[in-house]
Amino acid sequence: MAKKLESYMVPLTKLFSQDFFFRIPEYQRPFLWDAEHFKDLLDDLTSSKPDEPYFLGTLVLHEYQPSQYDVVDGQQRLTALCILLACLRDAPGIKHEVQLRNELHEKIIQPERILDNVPAKHRLQVKDQSAFNALIATIGGAANPVPDPSKDIPSSRRYELARSIFWAKISKMTADEVRQLAGFVTQQCHLIYLATDSFEDAFRLFTVVNDRGKQLRRIDVLKAHNLDPSYVPGESARSKYAHQWESMEDQLGETQFEEIFHLLRLIYVKDKPQTDLQGEFANRILGKDKMPQAGAEFMDELGAYVNLYDALFVARDYLDHEVQDARYHTLMEAMVNYFTASEWKACLLFHAKRFGRNGLYEFLLKLEKVYLDHWVRGVRKDERYSTYTGILKSVQSANSPAELLENIGVDLDSIVEACRSSNFYNAGHAKYLLVRAEIAASELDHPRHFLVRSIEHVLPQNPAADSLWVKNFTDAQRKELVDSAGNLVLLSKSKNSAAGRRDFAEKKKTYLKPRVSDFPRSMEVLDYDAWTPEVIKARTENFASSVLVDP
């Protein structure tokens with residue numbers, strides 16, 4: 001339990017006083033608010049009733065020294081408010097009102113109070129302080145653009161974006177309007193702050209988040225844990241690994257970077273999760289037997305896995321200059337685009353970590369069929385986990401890629417039967433398998449990109465009553481065949497419902513021909529003189545027998 005826990009609702013003037021000094025810790029993400037956030041904040045403040053309180057949200061703070069707080073949640077609001085106060089301070093409307101400008105400045109930069117033993121200090125310390133200082137540290141700083149916002153420091157561009165949006169409105173205000181807004185912001189704007197002297201308890205509190213906030217994630221807590229001075233004692237080393245972490249997230253993007261931790265959890269534990277991601281790493285991974293130690297060892301291993309993930313799933317260039325290069329790139333693009341679960345990625349990552357490029361393409365082909373078997377049978381997550389943890393254990397114990405492949409069995413019968421289904425079109429796996437058939441039918445001397453806009457029924461789902469479709473197909477035949485794989489083609493352009501109902505000869509020439517040219521299997525439709533029940537049945541059987549041919 002924490003030795004201290006505080007919870008108060010206070011006006012901004014209290015938070016921006018000598019009782020509070022804030023620091024953005026290294027584990028936090030950069031300043032991420034965009035133009036919409038800044039505009040919404042300013043519009044809300046300028047349109048609110050001046051004599052009524054305005055709630056700005058909640059701060060979650062870790063008090064590491066008396067009156068010194070790490071911001072666990074609320075970085076975005078505090079940073080934006082500092083820039084807003086700097087713009088009010090420098091507003092042309094009050095350029096001759098020295099006392100008001102000084103009072104606003106003291107909200108941002110605490111002046112020394114000798115008798116109170118309070119040093120001169122920034123109210124908010126951010127990670128890229130020099131760019132922030134250009135705006136807020138000197139009276140008049142907000143009146144001019146941030147000099148050369150760094151492309152390498154996204155926060156500096158955000159600071160300038162905030163300044164430009166706030167300044168566009170505040171610079172046109174009269175003295176009375178500036179005084180009224182400044183008074184409203186400092187006196188009527190309230191925040192709830194939750195403060196504890198335990199980081200663990202502060203993190204538990206962070207879930208109370210304002211809608212505008214960028215919520216702290218489990219991986220941010222993992223970052224904090226791995227940068228703890230007990231694991232990385234040197235300040236320069238902590239700074240190095242903090243920047244390395246941010247660079248890795250920039251490399252992959254937020255969603256894929258977070259996915260890597262779930263994949264690593266599966267690789268390390270080889271078991272289904274027992275708690276949330278942060279708990280899994282804290283209780284089952286970091287520092288445990290044959291697992292990486294928190295700090296530099298985990299950070300370095302994470303970096304290696306990030307580069308592997310990038311090469312395997314994003315750039316898809318891991319097998320460049322290998323004979324399977326084009327085949328790997330084409331198949332992987334389809335798997336990444338259409339596979340909705342991700343456990344298979346953990347297996348491929350671990351294989352690449354253990355065996356490198358040796359046998360990787362053959363292993364990928366096996367994983368694809370394991371995934372498809374689960375997909376067409378509607379296997380639940382628990383059973384999927386059991387299969388993939390078994391594969392991971394096999395990767396760990398196998399002496400070679402060839403031995404590993406012998407240990408992984410796949411029953412293809414379920415996939416073949418799914419391809420023969422009369423309701424194939426309505427299955428979640430339909431689009432991937434149709435793309436897979438195009439891959440199998442392609443000459444892959446270079447990577448192919450199958451950009452599918454839609455799936456088209458050659459025999460329309462709702463043919464016109466006077467059409468040849470109705471004459472050539474009985475109601476029973478249409479019901480049986482219309483949604484089967486043999487009646488479906490892929491389109492690279494958008495559908496046209498009216499054109500899709502045309503009789504076959506006209507539909508083929510005026511509608512399908514310009515839309516199937518990117519797909520070799522779908523183009524075969526153009527070679528038929530007539531579209532009959534026998535053609536659809538034959539194509540369905542051919543699809544079922546050839547869709548899984550290895551590219």
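Trainee: Which residues are buried in helix 25?
Mentor: This is a predicted model: local features need pLDDT of at least 70, side-chain atom pairs count only at pLDDT 80 or more, and totals for chains, interfaces and linings use all residues. Residues are numbered from 1 along each chain as its sequence is written, and side-chain values use heavy atoms, leaving out hydrogens and water. Buried means under 20% relative accessible area, exposed over 50% and partly exposed in between, with a 1.4 Å probe and protein chains only. In helix 25, the buried residues are Pro533, Val535, Ile536, Arg539, Thr540, Phe543 and Ala544.

Trainee: How far does helix 25 reach from its first C-alpha to its last?
Mentor: Helices (H or I, at least four residues) and strands (E, at least two) are DSSP runs numbered from the N terminus. The expected span is 1.5 Å times one less than the number of residues. Helix 25 has 14 residues, and close to the expected 20 Å, its reach is 20 Å.

Trainee: Which strand do the buried residues of helix 25 pack against?
Mentor: Contact here means heavy atoms within 4.5 Å. Their partners include helix 19, helix 20 and helix 24, and the strand is strand 10 (488–491).

Trainee: Is His62 buried or exposed?
Mentor: Start with its place, strand 3 (residues 54–65). Leaving aside neighbours within four places in sequence, its contacts include Tyr69, Val72 and Phe199. With a relative accessible area of 14%, His62 is buried.

Trainee: Which residues touch the most other members of the largest nonpolar core?
Mentor: A nonpolar core is a set of buried Ala, Val, Leu, Ile, Met, Phe, Trp, Tyr and Cys residues joined through side-chain atoms within 4.5 Å. In soluble globular proteins, nonpolar side chains tend to be buried together. Of the 94 residues in this core, the ones touching the most other members are Phe261, Phe281, Leu302 and Leu348.

Trainee: What covers the buried residues of helix 17?
Mentor: In helix 17, the buried residues include Tyr385, Ile391 and Leu392. The cover includes helix 11 (254–269), helix 15 (343–355), helix 16 (360–377) and helix 18 (401–406).
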